[in-house]
Amino acid sequence: MSNIHRAFENGKAFIAFITCGDPDTATTINAVKSAVQNGADLVELGIPFSDPTAEGVTIQGANIRALRGGITTDKVFGMVRELRQSVKIPLVFMTYANVVFSYGAEKFIAACRELDIDGLIIPDLPFEEKEEFLPYCHKYGVDLISMIAPTSENRIAEISRGAEGFIYVVSSLGVTGTRTRITTDLNAIIQAIRKNSSVPCAIGFGISTPEQAAEMSRIADGVIVGSAIVKFLEKYGTEAPEHIGEYVRSMKEAMKQ
């Protein structure tokens, strides 16, 4: 078992997503530290990929900027090694199957363990093909985090029974990005999950306002926010960490109500 459970031990978890290397690794480090200092319970670190199919325009743009800036998987690993000197909360990588395959699956997941990365999210990995990575994840003690979407339907029970770390509940159809309204029947999805698993559930995709965070935290064990945070990096660049900290604090406060 990884340390991911710690993120859910003190009330509802706020999970921040940050694309590594946008605009540079020093800013990523400062952004993560600022998020943690202001209440983030877990951080997802996105390893950039040239074809991030689950992402909307905001995070696609972050991937492009980071790759143009010369980010590589090894540079991300070096950044995490530095980050881990001061950041002790659970960290997970979010990236695409080809990134892991091209690096070498066992080599990649062994590096996760060496860096104290607690989990791995691979949005384009079909549930039926998770055995490509699961044995290595178990060998090195890294949770392979399952995603459940509105289209999962009859597979919710099966996915939930095999889940570890936390379950990433996708709030809406489509790609990542902020949304003014979330209309999916998330209560029904989470009830189905809870019948089959005791693993915590966190809702992501489309959450950007304190009101949405409060609403989603009443349904689930945690809230995941990505695009709204990445927009600060797009707008403010190296000055973004301070704005990210203020934003995370406002979201975390809303979740306590």
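1. Buried residues are those under 20% relative accessible area, exposed residues are over 50%, and partly exposed residues lie in between (1.4 Å probe, protein chains only). By this criterion Phe-127 is buried, because its relative accessibility is 18%. The structure is a predicted model, in which local features need pLDDT of at least 70, side-chain atom pairs count only at pLDDT 80 or more, and totals for chains, interfaces and linings use all residues. Residues are numbered from 1 along each chain as its sequence is written, and side-chain values use heavy atoms, with hydrogens and water left out.

2. Overall fold. The protein chain contains 11 helices and 9 strands; helices (H or I, at least four residues) and strands (E, at least two) are DSSP runs, numbered from the N terminus. Its C-alpha atoms occupy a box of roughly 45 × 40 × 30 Å along the principal axes. The radius of gyration, 17 Å, agrees with the value near 18 Å that a compact globule of 257 residues would have; the radius is taken over C-alpha atoms, and the globule rule is 2.2 Å times the number of residues to the power 0.38.

3. Burial, contacts and surface. Of the 257 residues in the protein chain, 59% are buried. A contact means heavy atoms within 4.5 Å. Where contacts join residues at least 6 apart in sequence, 73% of them link residues at least 24 apart. The accessible surface of the protein chain is about 10900 Å², and carbon and sulfur atoms account for 47% of this area; accessible areas come from the Shrake-Rupley method with a 1.4 Å probe, and for residues only the protein chains shown count as cover.

4. Charge. There are 25 positive and 31 negative side chains in the protein chain, and the centres of the two sets are 3 Å apart. Lys and Arg count as positive and Asp and Glu as negative, while His and the chain ends are not counted. Each charge is placed at NZ of Lys, CZ of Arg, CG of Asp or CD of Glu.

5. Cysteines. The search of the whole structure returns 0 disulfides, a disulfide being a pair of cysteine sulfur atoms within 2.5 Å. For Cys-20, the closest cysteine sulfur is that of Cys-112, and the separation of 11 Å is too far for a bond. Cys-20 is buried, with a relative accessible area of 0%, and Cys-137 is buried with a relative accessible area of 0%.

6. Backbone geometry. Most residues other than glycine have a negative phi, and most peptide bonds are trans. A cis peptide bond, with omega about 0°, joins Asp-22 and Pro-23; Pro-23 belongs to the loop between β1 and α1. Asp-116, although not a glycine, has a positive phi of about 60°. Asp-116 sits in the loop between α5 (105-114) and β4 (119-121) and is partly exposed, because its relative accessibility is 40%. Phe-205, also a residue other than glycine, has a positive phi near 75°. Phe-205 is in the loop between β8 (201-204) and α9 (210-219), and at 8% relative accessibility Phe-205 is buried.

7. Phe-127. This residue lies in the loop between β4 and α6 (134-140). Beyond its neighbours within four places in sequence, Phe-127 contacts Arg-155, Glu-158 and Ile-159. The C-alpha atom of Phe-127 is 9.9 Å from that of Gly-162, which is 35 residues away along the chain.

8. Thr-19. Strand β1 includes Thr-19, which is buried at 1% relative accessibility. Apart from neighbours within four places in sequence, the contacts of Thr-19 are Thr-28, Gly-46, Pro-48, Ile-59, Ala-62, Asn-63 and Val-230.

9. Helix α10. Val-230 is also one of the buried residues of helix α10 (residues 227-236), together with Ser-227, Ala-228, Ile-229, Phe-232 and Leu-233. The elements covering these buried residues include β1 (13-19), α1 (25-37), α2 (57-68), β9 (222-225) and α11 (240-255).

10. Helix α9. The residues Gln-212, Ala-213, Ala-214, Met-216, Ser-217 and Ile-219 are buried in α9. The buried residues of α9 pack against α8 (186-194), β8, β9 and α11.
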